[in-house]
Structures are given as structure tokens and as C-alpha cells.
Amino acid sequence: MGITKTQGIVLKYTNLGEADKILTILTRSKGKIKAIAKGCRKPRSSLLAASEVFAFSEMVLYKGTNLYHVTQAETRETFYNLRKDLLRLSYAVFFVEMADTVSDEEIPSERLFLLLSKALFYLAEGEIPIGLISQAYQLKLMDISGYRPNLSRCVHCGSDDFESYKFDVELGGLICGQCEKSGKNVIRISAGTLETVKLLLNTEISRLNTIKIDNTIFNEIDKLVKKFVETHLEKQFKSLEFLDEIKNNYQE
Ligand SMILES: [Zn+2]
């Protein structure tokens, strides 16, 4: 009960009545919450900007019996640039859908909040290649959600003796030649891919520009990340399917 001041990013909403919305917000201090924004669809509402998807605001929330209410909001970022470019917009929708999937209501994760806000910021800014932001975002999000891939030792026996590298998607890490039998859900990766995945996990999104990746490695990582995310989050992202469709029409 009571009043909370926190930062929040709107993940999605449903309209309510004539002029209200129920927002799903990833907040910095309360985790994911649902909150009513009363009157926010009126053109002169002070909550108008803060009630759009992606909006990043300083919020004052009041906890009622069932739901939170947004009583005040000062919007810091609407990420307006994202709406001018279908490809960027689609990635943003995907990032938000992923954050929604891995977050639980009222379980705070400041790391997830900061990751999403940085990913949206650099996606909108346009200085860092989109594909890199996306791969780093997904890997970091998996790490935060308890699925940090094991990239130094065999996930089965712990050996660090590798002739070549294979990644067991199900077990979530490298698997050595002795342990790898089935070939099921196992992806062969190059040493360069392995090193780059480590870099992506350990580099701040703001500094991704320092990483140079050739196409072969980029594509290997894309395949690995996609399988890894799908397997562990057990979800087909609608936004990702759409993204794959339109990606072919763009040259980065
Ligand atoms: Zn092994």
C-alpha cells in the first residue's frame, strides 16, 4: 500500500473505458506491475506521453486494493525515433516482449530494467549496429534470467579440453567430444564465435561499437542465440517472426 516513486518503461497496455489504459510497466524498484493510467487517452492528459509503449518515465504510483494507479509521470524518453523506422521499431517490440516474458510481477530486477532501457536508448540513437545490440541484449537477458551460457568448460563433465567447439543448447554451454553423443540440439561453433559471445556478454551496450564481427561469426551467433532463447524461454516470439520477415528487406 501507499505511494511509490520509481522509473518505469511501458511494455504494453490495454484500453479501459473511454479514456483510461491499464499499463504493464517494468519498473526499476517494483519489478513488473500493472497500473491504471486514468484519463491518459485525453489529448491534454499529463499522462499522455507516459502511457505509450516504450515510454521511459519518472512515475509516482499509488497502490490500490488490486492495481497500482499512475498518479504522476514525467517522461524522460519516448524513443520517438523508433517509430520512424520499421526495422528499429520491430526490434524494440521484440526487446519489450522478451522483457515481459522473463519478468515476474512485483519481483524487482534492476539489472533487467537497466538492460532494457539501455537497449532501447541505443537502438533509438542509431550509432551502434542493430544486430549487435540485439545479440547482446538477448545474451544479457538470458544471463539475468539465470541462463548464463557456460563458455569455458564442458557443461557435462567440466573438462576444458576442446579440440573443436560445440554448444549444447539444452544444457546451455560447451560440450566436449567425450560427452557429446546425441548431436541433438548441438551446434558446432568456431573459436571466433565463442570469443565473440563472451565479449557480447561482458561488454556494456554503450561500448558495443568496439566489437568488430565478420558476417560468418555474426550469423553463427544469431543461430545460436535464437535456439538458446527459444529452448529456455519455451516461447516463439511473434515479434521475432515479424522481424525475420522484414529483415530481408533491409540492408544494414
Ligand atoms: Zn565433457
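This is a predicted model: local features need pLDDT of at least 70, side-chain atom pairs count only at pLDDT 80 or more; totals for chains, interfaces and linings use all residues.
At what angle do helix α2 (residues 110–125) and α3 pack?

**View 1. The packing of helix α2 against helix α3.** Helix α2 (residues 110–125) packs on α3 at an angle of about 175 degrees, and the two axes are 10 Å apart. Because angles over 145 degrees count as roughly antiparallel, α2 is roughly antiparallel to α3. On the α2 side, the contact is made by Arg 111, Leu 112, Leu 115, Ala 119, Tyr 122 and Leu 123. These residues meet Ile 130, Ile 133, Tyr 137, Lys 140, Leu 141 and Ile 144 in α3. Sorted by class, the contact of α2 with α3 comprises ten nonpolar, no polar and two charged residues.

**View 2. The approach of helix α1 to helix α3.** Helix α1 spans residues 86–102 and helix α3 spans residues 130–144. Their axes come within 11 Å and cross at roughly 0 degrees. Since angles under 35 degrees count as roughly parallel, α1 is roughly parallel to α3. From α1, the residues taking part are Leu 87, Arg 88, Tyr 91, Phe 95, Met 98 and Val 102. Their counterparts in α3 are Ile 130, Ser 134, Tyr 137 and Leu 141. The contact of α1 with α3 contains eight nonpolar residues, together with one polar and one charged residue.

View 3. Apart from neighbours within four places in sequence, Tyr 137 is in contact with Phe 95, Leu 115 and Ala 119. Val 53 lies 84 residues from Tyr 137 along the chain, and the C-alpha atoms of the two residues are separated by 19 Å.

**View 4. The hairpin of strands β2 and β3.** Strand β2 (residues 20–27) and strand β3 (residues 31–37) run antiparallel and are joined by seven bridges. Three residues lie between the two strands of this hairpin. One of the bridges pairs Thr 27 with Gly 31 in β3.

**View 5. The pairing of strand β3 with strand β5.** Strand β3 is also joined to strand β5 (residues 68–77), by two bridges, and these strands run parallel. Ile 36 has His 69 in β5 as its bridge partner.

Conventions
Residues are numbered from 1 along each chain as its sequence is written. Axes are lines fitted to C-alpha atoms, for helices over the stretch in contact, and angles run from 0 to 180 degrees between N-to-C directions. Helices (H or I, at least four residues) and strands (E, at least two) are DSSP runs, numbered from the N terminus. Angles under 35 degrees count as roughly parallel, over 145 as roughly antiparallel, 65 to 115 as roughly perpendicular and the rest as oblique. Two residues are in contact if their C-beta atoms, placed from the backbone, lie within 7 Å. Ala, Val, Leu, Ile, Met, Phe, Trp, Tyr, Cys and Pro count as nonpolar, Asp, Glu, Lys and Arg as charged, and the others, Gly among them, as polar. Two strands pair if DSSP finds at least two bridges between them.
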